[in-house]
Amino acid sequence: MRLKNFGRCILLISFLLTLSCCDYLDIVPDNIATVDHAFNNRTEAERYLYGCFSFLPAFANPSSNPALLGGDEVWYIELSDRRLWPIALGEQGTNDPFANYWSSMQSGANLRGGKALFTALSDCNIFLENIHKPYDLDDFERNRWIGEVKFLKAFYHFWLFRMYGPIPLISENLPTSATAGEVQRYREPVDEVVGYIVSLLDEAAAALPLAIEDVMREMGRPTQVTALALKAQVLTYAASPLFNGNADYADYADSRGIRLFPQAYSVEKWEKAAVALKAAIDTAIVAKHRLYDFRTSSTYASVLNEKTILAMQVRGAATERWNPEIIWGDSNTDVAFLQRSCTPFFTENQGGGSAGYKTWAPPLHVVEQFYTKNGLPIEEDKEWEGIDPMGLRTATSNERWYIKQGFQTINLHFDREARFYGSIFFDGGTFYGNSRVSNDNTTNKDYMWVTELKLGTVGGMIGSLDRYSSTSYICKKPIHYLTSVPDNGSSYSSYRYAFPIIRLADLYLMYAEALNECGGETPGSEVYEYIDMVRARTGLPGVVESWSDYAIDAKKSKPLTKDGMREIIRRERLNELAFEGIRFWDLRRWKLAEEYMNKPIRGLNIWGRTAEEYYQITELFQLKFEKKDYFWPVKVSTLMNNQNTLQSPGW
Amino acid sequence: MDLNFKKFSLWYKILRVMKLTAFILLVFTMHISASGLSQNVTLAVKNTPVQKVLKQISRQTGVSIIYSESYFDDSDRVTFDVNNMPVKDVLDLCLEANDYSYEVENGMVIIRRVMKVPQPRQQDNLIKGKVTDSDGKPLPGATITIVGTTRGVITDTDGTYSIEAEPRDKLVFSFVGMESQIIDVGNQKTINVRMKEKADELEEVTVVAFGKQKKESVISAIQTVNTKELRVPSSNLTTAFSGRIAGMISYQTSGEPGRDDADFFIRGVTSFGTGKVNPLILIDNVEVSSSDLAKMHPDDIASFSILKDATATALYGARGANGVVLVTTKEGREGKVQVSLRIENSFSAPTKKIEMADPITYMELANEAVSTRDPLAPTPYSKNKIDNTSRGTNPYVYPAIDWMDMLIRDVAMNQRVNLNISGGGTLARYYVAGSFSQDNGILNVDKRNNFNNNIDYKKYLLRSNININLTKSTEMVVRLHGAFDDNKGPLNGGNDMYKKILQVSPVRFPAYYEPDETFKNAGHILFGGYGGSESSSQYMNPYAEMLKGYKQASTSTMMAQLELKQDFSHWIEGLTARLLGSTTRYSAFDMSMRYSPFYYEVMQYDRLKDDYWLTELNSSGTGRGTEYLDYYPGSKTVNSSFYGEASIAYNRTFAERHALSGMLVGIARNYLTANASTLSASLPQRNLGLSGRFTYAYDGRYLSEFNFGYNGSEKFDKGHRWGFFPSFGLGWNITNEDFWAGRLKEVISLLKLRGTYGLVGNDEIGNTRFFYLSNVDPTGGGSFLTGFDFGGLNLSGYKINNYPNPEIGWEIAYKSNLGIELGLFQGKVEIQTDIFKERRTNILQSRADIPISMGLWSTPLVNVGKAEGKGIDISIDYNHTITTDLWLIGRANFTYARSVYKYYEEPDYASLNAPWRSKIGTPISQRDGYVAERLFIDVYDVENSPRQDFGEYGAGDIKFKDMNGDEVINELDRVPLGHPTVPEINYGFGFSAGYKSVDISVFFQGSARSSFWIDAKAMSPFIQGTSDGLVLENGLAKFIADDHWTELSQNPHALWPRLSNRLISNNNQTSSWFLRDNSFLRLKSVELGYSIPEKKVNKIRLTSCRFYLSGTNLLLFSKFKLWDVEMGGNGLNYPLQRVINIGVNLSF
């Protein structure tokens, strides 16, 4: 009897065990998504491709692109969202760096405007490993996509290189099961990094089309020209003083004993850069890129006066949608915020919600840096000798296209080059655009906006603590002339354009720079040729002509020496490419940031109601730039789990 | 069966006929045999029935003895040893003890019964007394009988009785539905009896996993809570836990009705990471959420136990690692209908409100905050405004609003009603309960609006437990339970509303404007606003926020359960089986109605006429004001779960010494949610398990137990899916030993030692659903847009949420427990002490050695973490009925639980020269941060100190200690700070006493060894932020206004650093600067009760009626004074409530 019951118990247990062995717990269906699905067909693979693109910095976004607000070119105000301005304020740190691009998606949320570029590189590698799989992808397209992803890989490496100097090279992915020792990569020496990026770009250029064919769908993707231009830019960086024989980082060596910065200055690097720049420029010309000209690009040119047109040349080159000068533009980032930040109040009713923010404030040194109408720095123009830039002067009818007629403002605002008038709002200055685009001078002579910025005027500080310009100047260049705010300010209508990443003038000026560097003590004619092309567009005489005709005696021969020419080219770059996120990197590349960025930020007195009160120079902030600031700090916690990686020098 | 019974009854009839025949024959025979009475008898009998003796006498002597057979029964026995004694004398011997006489007639002996006359001495044997139920209420209709007789009496309506009984008698007290009691009369003249309810087995039986065990044979650490202890004036059961349950750590951080659940952990938190650390909660064997538990009414609870160690929880192998809360609900009892009604009304008010600075100070310091950081920057408040505000010029133009005073009431009133009805017969029993509660918030209701915005939380519960005896050995239990609540209140809840009141400037704008000439006919409230801001957003006006709409939420939980119990005793003694199926359906939804407020600003003010002109701020655009309500559907949550359980149990004692029991349970659980956001989350969650318990006890002295759980979880890869969790325990009941006797046993009535060791598992170890599968979101990655006019291709890439790791399996707890149970002075004092140690392994963690440069989307997970918990919990109960009128109960408990990291995936801090960063050896919920030395004194101090890498800082900001001496303050300088954030010590003590119809109870509760941080970010005054398109502006707390660093008084030890109108992240770091001690002691509750004496109550046909006045959170003792310290860092939340409650409990 008892034995029988025991048997029953066993039976019960075995029944329960059978239950457990059955598939009650197997609830996961087949076909749940895995990475393999990404490469089953062309459609999915294209999505993955765009995923690789998505890690590109938002070039027009001051929260993502540190070059917009993080330097000394644009000053901002204390808002709850300060974007990347704190970098300029010296608040960068190792705990939680601003614009943390040395990151991956795994490291969590706070990139502070950066992007997870190591994840981008890993995704690019996954793409390259698997792109042979889609059954319906033809070879031609596959090749182009491979070229694009190689281009992206190169760009991501370049972006990291520019920020951090020596970086690990993610040529291929390691398996997740790899041991700690295998996955902890080292930073590689500068020359190796450059060599790797260049080799990627060579491969990319070979596979990419000369120009985008399906512009309506694909504009914004890289072309052969883009790859060559990037390659030229990379080589220019490598040749620049920061990387080429920079003794400051002589001791920057890792635990393997490898020194990461090349110590010997090499002129060949400039030569290589020059060759690459020439190749890029030549290919760009074949691909029908050319310097932008408002006269031919805009239908309004015929009804505009020459001065307005000249002022629009550089503004148009930067903001005209996909104009032929754009070698690579940002198709992904909206420029609405950028434009609003630059837009002042034009009418009384624009104080409300949807008008401009007018927070994008160039400091006085940028205002001063633009050339005179003769194409010279103010301090080198003999016509400016003895003129107090802060002295008051009243605008005449002749000057009305740039300054309101009869308006009293300072000398600094008179007799400047057209790029100045196209780039900066100042008190009493004019503005072309915002629904006033055809100023037919025969019918309506003064059909242009005038911005007045003193306290109590329409455009001045009106008591709103979050909408004012700290320096009393506002950037004008980033505003497209078709962008508009209605008089009552009820809706901001942004005309979207592709923010320029590389444009032809940039290449021209880099080419001039490279040629000057690798040439002898006397610059060759080709140096002048490329810089003069850029100057000519805004109505400036050639370099040699400007200096010989208008410079003070001590500076007359400046363009004839290599050193003089270096200074001129650099100044030209700062003026031509102002507010486009170039100065930030250039000052670092030239190792000049320490000189430029230990000066005070100055502006006019925004609390001034009268000209006397208003035109007072006010110091807003003392900039501070140390050696460590040339490179980005790596987040401390990032270094903790990879002790083979060095902290950036000085941090 | 039926057939058998018939056969049986036939036999019975035949027997009866035969018996009758025999009797007639016997009488006849006796009559014949009778002769003279001169004979002698020699006879020795020992404890022999009288009848038998009489027969023998008759046989020896030939004398016929005539008597009625009914005179004697089997119990009438005699013992004597006579040698040649006359018959007469022998008969005397036989009958002397009994009330019989005999006479001799015609040589025959005729025995007659003596009809006794009541004698005076028997009055001395009158026993009087009173029978009451376990609550002390009189029991009318209870029967008292004398053992061995048919004599008995019934108690009166007041429960009293009187009965005649000899000292050697035994009285049996019985009542339907109550446990019968047998009492030796002895010398007692008054015998009062407190009857115990049959089903109320709490005293003797402890509820354990999947069953019950005799209390004396329990070896595992189980804390049983008297449900009366849980009865607090709150509609949230979890608020009663704190300090009342040994082994539980509990605290409450919000007082908002419907959102005031306390956090509770059993023996602390011994795991880290993202997995489940809360205990498993079972109501009638079915897993429920803590909010389900919070909604339970204490009157419905039959038993409430906390299972703490491995032996207690191993049967729940899969889910028991964090301890188990086991609740059973009441069931009906045999007896007439019993109705109990409880009505309560309570008044609640914040225990403490945070004090804000006055408006003038606010403005002055707001200006200071700006200019102290940047002397050039524009200051927000002009001197003119400050002057006019302080003069009180025009309250609309120069507002000075005490928002707290305006929007928060002092007191809220809440009501609760609970009714339960129970009863039943032998065939079926029922318990039906319903309760309703309404809790109101402390927000002010404004008559300007046409709807009520205050929090209104209504809860309805219905429970029905029905037991039906299907056959003699089969019982069916049907349990149905529904919990429903309706919550109406501010759009984003009370906490949010309360916070908003503290996130607004008192002077920027008034709550509303009285209409001016232009807007006098406006059909809406003219809310105060402030124009002009960066992102076109309005400033948040809390008055508008409160009035602009409301949210309505409703949840319902339905539970249906069927249980079958089969007793197989007729087959094998001690064998039972049980089958249980249960399903729970939960649904919730919310919706909100709101209009968009119109904001106004003063455009112009004529001081002479004291007249102002308003301007509308949002007449157009996206934030345009509306007068009509808009409707916004909210979230809808639906889920369903099924639970099934089958068990077979065997329980028998052999040879009175060997108690043996065994049990096997199979369980299956399935949970499905309709609100999954991903495919993998939508798949059912399942558990499957087989558990067993085997116990053997020898003579009630030596106890042993073996348990196991064998569980499967769908979360793991096939190779790791099943976990086996055994445990065993040994116990020694010393007081049952023979040597433990006499005086020793009187003093120490119970001494039990017990020890257990075992493994328990946990499968809810992280947020990821399937660790062994990759989790990919094909469109979850970043997107990219191309095309000439930005309308071309816009595609999103792939996102990898999880990299597969098939090696991930169960988190395992190795628990050991040593316990001592001590009973003193015949149970007046009971002390239970448990010392425990737990080692938790396989805790899920992210790999720490994967560098950023791998570029992964998510950090791969491994389960390698280890933790260790140790502690002690003690409970002391004192229970003394001093006289029948005076009783005293004392109670104290203490819990100490400390858990530390034993292994943690972390960088190699030793080689980074920062060994203090390592978590290993530090308490689990301890936070780390920087050591704050003082505030920087001046610029030179800043320049001569190590660089602090958190952005802007200067004089008056917090200076941190450079731990590693590298001249930079960064993450490597963080050290563990303070105590853990979960308290390590919880304790409580109190007493209850009653005298006649009055009773009082007082209870204190405390917590120690925990820290919290003042939330510097949330408290920083003047900081602006945006939320829902509205600009929030932190208010200025008075303590900051009173004590902060200023350029005038450069106090390096001021409570608050230098002011700023923006967040200074240097000061916002977790540091010792804002670290505070969280320990406190509070007078948790006081209750005064008055029961109307029974006689009066009975007249109005009630069995009892008790009025009571109670209060919770009455006093608080703590070093921290700014807000209720129990809320910790959430000082800006809806405050904890002090409740004063009046109630009445009626039963009939």
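A salt bridge is here a side-chain nitrogen of Lys or Arg within 4 Å of a carboxyl oxygen of Asp or Glu, and by that rule three salt bridges cross the interface of chain B and chain A. This is a predicted model, in which local features need pLDDT of at least 70 and side-chain atom pairs count only at pLDDT 80 or more, while totals for chains, interfaces and linings use all residues. Residues are numbered from 1 along each chain as its sequence is written, chains are lettered from A and ligands numbered from 1 in the order in which they are written, and side-chain values use heavy atoms, with hydrogens and water left out.

1. The interface of the two chains. In chain B, 89 residues are in contact with 101 residues of chain A, where contact means heavy atoms within 4.5 Å. The size of an interface is often given as the accessible area lost when the parts come together. Chain B and chain A bury about 8,100 Å² between them, and carbon and sulfur atoms give 64% of this area; buried area is the accessible area (1.4 Å probe) that two parts lose on being put together, summed over both.

2. Pairs across that interface. A:Glu78 and B:Arg1062 form a salt bridge through their side chains (3.2 Å, N to O). Between chain B and chain A there are also 27 residue pairs in polar contact (both at pLDDT 80 or more), a polar contact being a pair of N or O atoms within 3.5 Å, of which, within protein, one must be able to donate a hydrogen and the other to accept it, and residues adjacent in sequence count only if both atoms are side-chain atoms.

3. Chain B as a whole. Chain B has 17 helices and 62 strands, where helices (H or I, at least four residues) and strands (E, at least two) are DSSP runs, numbered from the N terminus. Of its 1148 residues, 53% count as buried, with buried meaning under 20% relative accessible area, exposed over 50%, and partly exposed in between (1.4 Å probe, protein chains only). The C-alpha atoms of chain B fill a box of roughly 140 × 70 × 60 Å, taken along the principal axes.

4. Two domains of chain A. The assignment, which is an automatic or database one, gives domain 1 (11-64 + 99-289) and domain 2 (301-500) of chain A. Domain 1 and domain 2 of chain A bury about 1,300 Å² between them, 74% of it on carbon and sulfur atoms. Of the area that domain 1 of chain A buries against domain 2 of chain A, A:Ala60, A:Met219 and A:His289 supply 38%, more than any other three residues. Between these two domains of chain A the count of salt bridges is zero, although five residue pairs are in polar contact (both at pLDDT 80 or more).

5. Salt bridges within each chain. Over all chains the count comes to 115 salt bridges. In chain A, the side chains of A:Glu594 and A:Lys627 meet in one of them (2.8 Å, N to O). Because A:Glu594 lies in helix α22 (residues 593-596) and A:Lys627 in the loop between β10 (617-622) and α24 (636-640) of chain A, the pair ties together parts that are 33 residues apart in sequence. In chain B, B:Arg479 pairs with B:Glu331 (2.9 Å, N to O), and this pair links parts of the chain 148 residues apart. B:Arg479 is buried, with a relative accessible area of 6%, whereas B:Glu331 is partly exposed at 27%.
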